[in-house]
Amino acid sequence: MQLHSNIIGEGFPLIILHGFLGMGDNWKTLARQFAIKGYQVHLVDQRNHGRSFHSDDFNYALMAEDLRDYCESMHILECAIIGHSMGGKTAMLFATTYPEYVHKLIVADIAPKYYPQHHQTILEGMKALSENDIALRARKSADTFLSTYVSDFGTRQFLLKNLFWIEKGKLGLRVHLQGLIDNIEHIGEALPSMSYFEKPTLFLKGSKSDYILEEDHKLIESAFAKAKITTISNAGHWLHAENPADFYTEVINFL
């Protein structure tokens, strides 16, 4: 099964992989900027997300295979990749497994280490929302319902981008929640030991985020020989959305 993508621009392929519960369309604004610089930007929806296929099987090895199959179907022999959070984990595994496809790698606010599970409340709220027909009659009522689980407005707006109109007066969620809930232990998995990538790699971390710590630098540099680690100021985990100007500048200079 083929991953869904939105392709913007012409030129050298640049694949962007979204984070957990996101989708490629979250990156449209930055994609247009990269396209102006001569890149053909592929906004890919990973399995169980966005408009891509739903599957009961979900782990990074499968997502790396999905990406390889996507490159083959699109006749992409070499590309640059940006991966954020979960997408960064997929990108790291893809680059270390199929290095011949990757010219340069950009990893946004995630390290190759294990992360304890911390999405339980969000998934509980999204599951409850998906089962509440009254809340799914309008975006405003869906937001009000979800606010009892997720207090942060910005996080809710991100999550509610998964809503779409099934028919008039009835919203649904694009994300395959049950497939993600059943496989949630895989989200925090570390990059396999002995993984190695020797081409240029840029790690971008948010100044207000604790996803990449000082003590993670040694692990990053042991797996990525040409790793550069840069901090994006005034940004947390969603650094590309919170400080898109600096994020764009760092990425385009690196590319």
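# Burial, pockets and cysteines

Trainee: Does Leu21 count as buried or exposed?
Mentor: Buried means under 20% relative accessible area, exposed over 50%, and partly exposed in between (1.4 Å probe, protein chains only). The relative accessibility of Leu21 is 2%. Leu21 therefore counts as buried.

Trainee: What pLDDT do side-chain atom pairs need in this predicted model?
Mentor: Residues are numbered from 1 along each chain as its sequence is written, and side-chain values use heavy atoms, with hydrogens and water left out. The model is predicted, totals for chains, interfaces and linings use all residues, local features need pLDDT of at least 70, and side-chain atom pairs count only at pLDDT 80 or more.

Trainee: Where does Leu21 lie, and what is its phi?
Mentor: Helices (H or I, at least four residues) and strands (E, at least two) are DSSP runs, numbered from the N terminus. Leu21 sits in the loop between β2 and α1. Most residues other than glycine have a negative phi. Leu21 is not a glycine, yet its phi is positive, near 70°.

Trainee: Is Met194, another residue with positive phi, buried or exposed?
Mentor: Met194 has a phi of about 75° and is not a glycine. It is found in the loop between α7 (177–182) and β8. Its relative accessibility is 80%, so Met194 counts as exposed.

Trainee: How many disulfides are there?
Mentor: A disulfide is a pair of cysteine sulfur atoms within 2.5 Å. The sulfur of Cys71 is 4.6 Å from the closest cysteine sulfur, that of Cys79, so they are too far apart for a bond. Cys79 is in no disulfide either. The count is 0.

Trainee: Are Cys71 and Cys79 buried or exposed?
Mentor: Cys71 has a relative accessible area of 0%. Cys79 is also at 0%. Cys71 is buried, and Cys79 counts as buried.

Trainee: Which element gives the largest share of the lining of the largest pocket?
Mentor: A pocket is an open set of points on a 1 Å grid over the protein atoms alone, with protein on both sides within 12 Å along at least five of seven lines; lining residues have an atom within 4 Å of a point. The largest holds about 720 Å³, and of its 36 lining residues the closest to the centre are His84, Phe158, His237, Trp238 and His240. Elements giving two or more residues are α1 (28–36), α3 (86–97), α6 (153–159) and α9 (239–242). The largest share, 4 residues, comes from α6.

Trainee: What is the volume of the second largest pocket?
Mentor: Its lining includes Asp25, Arg51, Arg139, Lys161 and Arg174. A volume is the space filled by probe spheres set on the grid points, which are joined across faces, edges and corners. For this pocket the volume is about 170 Å³.

How values were computed: On a 1 Å grid over the protein atoms alone, a cavity is a set of points where a 1.4 Å probe fits but cannot get out, and a pocket is an open set with protein on both sides within 12 Å along at least five of seven lines; lining residues have an atom within 4 Å of a point.
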